[in-house]
Amino acid sequence: MSVDTTMAERKSLFTPFNIIAGIVLVAGLVVTVMRFTGGLGAVTNLDQNNPWGIWIGFDLMCGVALAAGGYTTSAACYVFGLKKYHAGVRPAILTAFLGYALVVFALGYDVGRPWRLPYPIFVQQGTTSLLFEVGLCVMLYLTVLFIEFSPAALEWLGFKKIRNIVVRMTLALTIFGVVLSTLHQSSLGALFTIAPSKLHPLWYSPYLPVFFFVSSICAGLSMVIFEGTLSHKPMHHLMDAEYLDNHDGLILGFGKACSLVLFGYFAIKVIGLAYDNNWHYLATGYGAWFLVEMLGFVALPSFLYAVGARDRNIPVIKWAAGLTVLGIIVNRFNISMVAFNYHLPSAQRYFPSWGEITISLFVVTIGVVVFRFITTRMPIFYEHPDYKGEH
């Protein structure tokens, strides 16, 4: 090996991405040690009034919503027969699988005893608890996502017989995944219906389960577009002709669907506001922020999606997808943190500590690094030559 080749390899290791990711991973490991040796108090601002913080609001609630691209894309392709979206299924499934796996990983920080996470399922079931239903569905759906993702890994490893068996299960797995996603996406919203006195009336509603499920569809479709946009340039050399040929069609189709779903979401939110007769709260500070969420992150992207789909304007749809993803994060933050315990004085309100933010960045960075590792080695953006044309 020449000196020039060695220098080039060394230089490639110290890219801006690798340097930033390395710093975040090291910082995350340091805070991890602090959390599991010093307890929650060593790294969080949680207390008796605020037992759930950013690790639930972002890592769990946003993570589950943004991982909804798995069930939305696979349902479009296999349940509704829209085979033109087949090229987008594997990237969506991989994103969903990593999203759910990291949700479980992040829960270990919040619970503090990761080895006890299976207890509510296998040892002491609380069958009347919404958390039990959420936990059971997440465990089952993570298993489904692992099986749905496995054909790519099995093709990479060369295990043809096992791969063919799993592929035959695709439709059944997709239907099971849609059912499980419907249950736990809505149940995350139902968790907050037990705290009507703590959640601001503009965000509290008996229809929270419906709001969470419908918004997860928007989140999933938008995340597929957003993830594809971020991956397109750095992963372009890994994408085959089918993926590239169908990429714009997928964006246009999902953009049209997102416009309709976001419009429906906006409508049912207004109906919920009218049902509870909470119009007078719109004149308050919280009302102004509620209008920012609804107009800026729901109505605006719905309009942009519609214009983009009508004019076949791909950049506009991509911007709408980014805005929708940000809007889902804003909504989940509002419900779990901003509008929660709204009646408390500012001194007792929750704001995440640097340790909590570091762990959240740590979890996201792990997801990006693993996603890059898998996509550069396994047939995610392209079809394996031995299985060309097999859908």
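Trainee: Is Asn341 buried or exposed?

Mentor: This is a predicted model, so treat what follows as a reading of a prediction. Asn341 has a relative accessibility of 2% and therefore counts as buried, the cut-off being under 20%. Asn341 sits in the loop between H13 and H14. Its backbone is worth a look too: the phi of Asn341 is near 60°, a positive value in a residue other than glycine.

Trainee: Where does Ser353 lie, and what does Ser353 contact?

Mentor: Ser353 is in the loop between helix H13 (314-338) and helix H14 (354-375). Ser353 counts as buried because its relative accessibility is 9%. With neighbours within four places in sequence left aside, Ser353 is in contact with Val43, Thr44 and Asn45.

Trainee: Next, the nonpolar core. Which residues of the largest one touch the most other members?

Mentor: The general idea first. In soluble globular proteins, nonpolar side chains tend to be buried together. Here the largest nonpolar core has 76 residues, and those touching the most other members are Tyr100, Phe149, Phe192, Leu199, Leu208 and Tyr305. Helix H7 (residues 130-157) gives the most to this core, contributing 10 residues.

Trainee: What does Leu199 touch?

Mentor: Residues up to four places away in sequence are not counted. On that basis Leu199 touches Phe192, Tyr204, Leu208, Ile335, Ala339, Phe340 and Tyr342. Two of these contacts, Phe192 and Leu208, are themselves named with Leu199 in the list of core residues that touch the most other members. There is also a second, separate core of 14 residues, which includes Leu46, Ile54, Met337 and Val363.

Trainee: Now helix packing. What describes two packed helices?

Mentor: Two packed helices are described by the angle between their axes and the distance between the axes. Take helix H11 (residues 241-275) and helix H12 (residues 285-311): their axes come within 8 Å and cross at roughly 150°. H11 and H12 are therefore roughly antiparallel to each other, since angles over 145 degrees count as such. Their crossing is left-handed.

Trainee: Which residues make the contact of H11 with H12?

Mentor: On the H11 side they include Leu252, Leu262, Phe263, Phe266 and Leu273, and on the H12 side they include Phe290, Met294, Leu295, Val298 and Tyr305. Tyr305 is also one of the residues that touch the most other members of the largest core. By class, the contact of H11 with H12 has 16 nonpolar, 4 polar and 3 charged residues.

Trainee: At what angle do H9 and H10 cross?

Mentor: The axes of helix H9 (residues 170-190) and helix H10 (residues 208-232) cross at roughly 130° and come within 7 Å. That makes H9 oblique to H10. The crossing of H9 and H10 is right-handed. H9 contributes Thr182, Gln185, Ser186, Leu188, Gly189 and Ala190 to the contact, and H10 contributes Leu208, Pro209, Phe212, Phe213 and Ser216. These residues divide into 6 nonpolar, 5 polar and no charged.

Trainee: How is H4 placed relative to H9?

Mentor: The axes of helix H4 (residues 69-79) and H9 come within 9 Å, crossing at roughly 140°. H4 and H9 are therefore oblique to each other. H4 passes H9 in a left-handed crossing. Among the contact residues are Tyr71, Ala75 and Tyr78 of H4 and Leu171, Val178 and Gln185 of H9. The contact of H4 with H9 divides into 7 nonpolar, 6 polar and no charged residues. Gln185 of H9 also takes part in the contact with H10.

Trainee: One last residue. Where is Pro379 found, and what does Pro379 touch?

Mentor: Pro379 is found in the segment after H14. Because its relative accessibility is 1%, Pro379 counts as buried. Not counting residues up to four places away in sequence, Pro379 touches Arg90, Ala152, Glu155, Trp156 and His384. For the separation from Phe36, read two values: Pro379 and Phe36 are 343 residues apart in sequence and 37 Å apart in space, C-alpha to C-alpha.

How values were computed: Residues are numbered from 1 along each chain as its sequence is written. This is a predicted model: local features need pLDDT of at least 70, side-chain atom pairs count only at pLDDT 80 or more; totals for chains, interfaces and linings use all residues. Side-chain values use heavy atoms; hydrogens and water are left out. A nonpolar core is a set of buried Ala, Val, Leu, Ile, Met, Phe, Trp, Tyr and Cys residues joined through side-chain atoms within 4.5 Å. Buried means under 20% relative accessible area, exposed over 50%, partly exposed in between (1.4 Å probe, protein chains only). Helices (H or I, at least four residues) and strands (E, at least two) are DSSP runs, numbered from the N terminus. Contact means heavy atoms within 4.5 Å. Axes are lines fitted to C-alpha atoms, for helices over the stretch in contact, and angles run from 0 to 180 degrees between N-to-C directions. Angles under 35 degrees count as roughly parallel, over 145 as roughly antiparallel, 65 to 115 as roughly perpendicular and the rest as oblique. A crossing is left-handed if the near helix is turned anticlockwise from the far one by less than a right angle, and right-handed if clockwise. Ala, Val, Leu, Ile, Met, Phe, Trp, Tyr, Cys and Pro count as nonpolar, Asp, Glu, Lys and Arg as charged, and the others, Gly among them, as polar.
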